[in-house]
Protein chains: 2
Amino acid sequence: MKKDNKPAASPREVFKRIGLRATPQRLEIYEILNEIDGHPASEDIYERVRKRFPSISFDTVYRTLSQFEKHGLIKKVHHLADKTRYDTNMMHHHHFVCVRCKKIIDFTWEELDRVPMPEGVSQWGSVEDRYVELRGICRDCLKEGKE
Amino acid sequence: MKKDNKPAASPREVFKRIGLRATPQRLEIYEILNEIDGHPASEDIYERVRKRFPSISFDTVYRTLSQFEKHGLIKKVHHLADKTRYDTNMMHHHHFVCVRCKKIIDFTWEELDRVPMPEGVSQWGSVEDRYVELRGICRDCLKEGKE
DNA sequence: TTCATAATTAAGAATATATCCTATCTAAAA
DNA sequence: TTTTAGATAGGATATATTCTTAATTATGAA
């Protein structure tokens with residue numbers, strides 16, 4: 001979706017490149033994602049597609065969003081959203097998260113903790129915690145990928 | 001749970017302080033949280049409590065974990081775990097998240113992006129993204145709290 | 001243009017996670 | 001002890017997501 005400067009490719013070109021058919025439903029979802037503000041849940045998209053495709057199913061929306069995410073057109077805000085996970089370590093720390101197997105590794109990063117807050121944050125509200133997530137592929141998953 | 005130096009208070013003292021009864025189920029869950037490694041889901045806890053309380057219900061586990069979280073004994077790894085939310089902004093950016101209303105505000109933070117990776121990260125795996133989440137209460141929710 | 005085919009879809013069933021309801025029980029204060 | 005607000009078990013319910021299947025359709029090849 002929204003990418004800097006780059007000349008905007010047409011939806012059909014994008015779909016062709018990643019090997020997805022240009023169905024009307026898919027084109028509509030693509031367009032909505034380009035228009036919509038904020039960080040929509042699947043249901044938000046579903047509600048909007050239904051205006052033009054009243055009989056579209058939840059499944060189509062979910063599937064399409066997953067495909068788009070898989071091909072890097074959109075991202076999930078969080079990678080561990082399937083179920084609630086608790087942290088029993090109450091000391092300030094950050095996480096390395098494997099986006100493949102969801103493994104989490106705790107670590108501290110004092111140098112980063114010391115960076116002063118960016119401009120304008122205070123006008124959004126009060127900040128109570130600064131959390132960093134390093135996202136990547138863990139050692140185990142890297143090995144698997146090679147085998 | 002795991003807190004630095006501080007002299008470990010007994011579970012009963014902790015419960016007294018926050019106004020929760022010291023029931024056997026609750027004591028057991030507390031103990032499990034202190035023993036368990038990693039970042040358990042509710043179901044992980046449920047499976048372990050069942051070894052000593054075979055008839056305990058999911059509800060008790062969920063309720064207890066929520067209470068513990070509310071009183072700051074444990075934390076959720078993520079605050080938006082109820083449903084998947086997508087990000088259509090594919091430019092590198094970070095988030096301010098209101099832990100009360102779940103509002104998300106995008107922002108960039110170049111100074112933070114420049115901080116060199118901490119020691120030892122490379123041995124965990126390959127890092128592909130550095131994501132920062134500033135967690136707090138947004139302006140709107142702060143106002144509501146006062147009214 | 002027509003055709004063949006694999007991809008896609010709608011619809012509803014199925015699954016997974018989380019919460020609610022209510023009768024019963026119990027920890028803890030008096 | 002007795003009292004009672006808080007806690008629990010178990011089942012029902014809600015919500016989010018994925019699966020199954022039969023029908024449809026976009027796309028490349030003829």
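This briefing covers the fold of chain A and the aromatic ring pairs of the structure. The model is predicted, so local features need pLDDT of at least 70, side-chain atom pairs count only at pLDDT 80 or more, and totals for chains, interfaces and linings use all residues. Residues are numbered from 1 along each chain as its sequence is written, chains are lettered from A in the order in which they are written, and side-chain values use heavy atoms, with hydrogens and water left out.

**Fold of chain A**

- Chain A has 6 helices and 5 strands; these are DSSP runs, with helices being H or I of at least four residues and strands E of at least two, numbered from the N terminus.
- Along the sequence, the order of elements in chain A is α-α-α-α-β-β-β-β-α-β-α.
- Chain A is more spread out than a compact globule, because its radius of gyration is 19 Å, well over the 15 Å that the globule rule gives for 147 residues.
- That radius is taken over C-alpha atoms, and the globule rule is 2.2 Å times the number of residues to the power 0.38.
- A box of roughly 50 × 50 × 35 Å, taken along the principal axes, is filled by the C-alpha atoms of chain A.

- Of the 147 residues in chain A, 44% are buried, meaning under 20% relative accessible area with a 1.4 Å probe and protein chains only.
- Contacts (heavy atoms within 4.5 Å) between residues at least 6 apart in sequence join residues at least 24 apart in 49% of cases in chain A.
- Carbon and sulfur atoms hold 47% of the accessible surface of chain A, which comes to about 8,400 Å²; the areas come from the Shrake-Rupley method with a 1.4 Å probe.

**Aromatic pairs**

- Rings of Phe, Tyr and Trp (its six-membered ring) pair if their centres lie within 6.5 Å; planes under 30 degrees apart count as stacked, over 60 as edge-to-face and the rest as tilted.
- The count is 16 aromatic pairs over all chains.
- One of them joins A:Phe15 and A:Tyr30, edge-to-face, at 5.5 Å centre to centre and 85° between the planes.
- This pair links helix α1 (residues 11-18) of chain A, which holds A:Phe15, to helix α2 (residues 24-35) of chain A, which holds A:Tyr30, 15 residues apart.
- A:Phe15 is buried at 1% relative accessibility, and A:Tyr30 is buried at 9% relative accessible area.
- In chain B, the rings of B:Phe15 and B:Tyr30 are edge-to-face, with centres 5.5 Å apart and planes at 85°.
- Both B:Phe15 and B:Tyr30 are buried.
- A:Phe96, A:Phe107, A:Trp109 and B:Trp124 are linked into a cluster by ring pairs.

Definitions and conventions:
Buried < 20%, exposed > 50% of the residue type's maximum accessible area, 1.4 Å probe, protein only.
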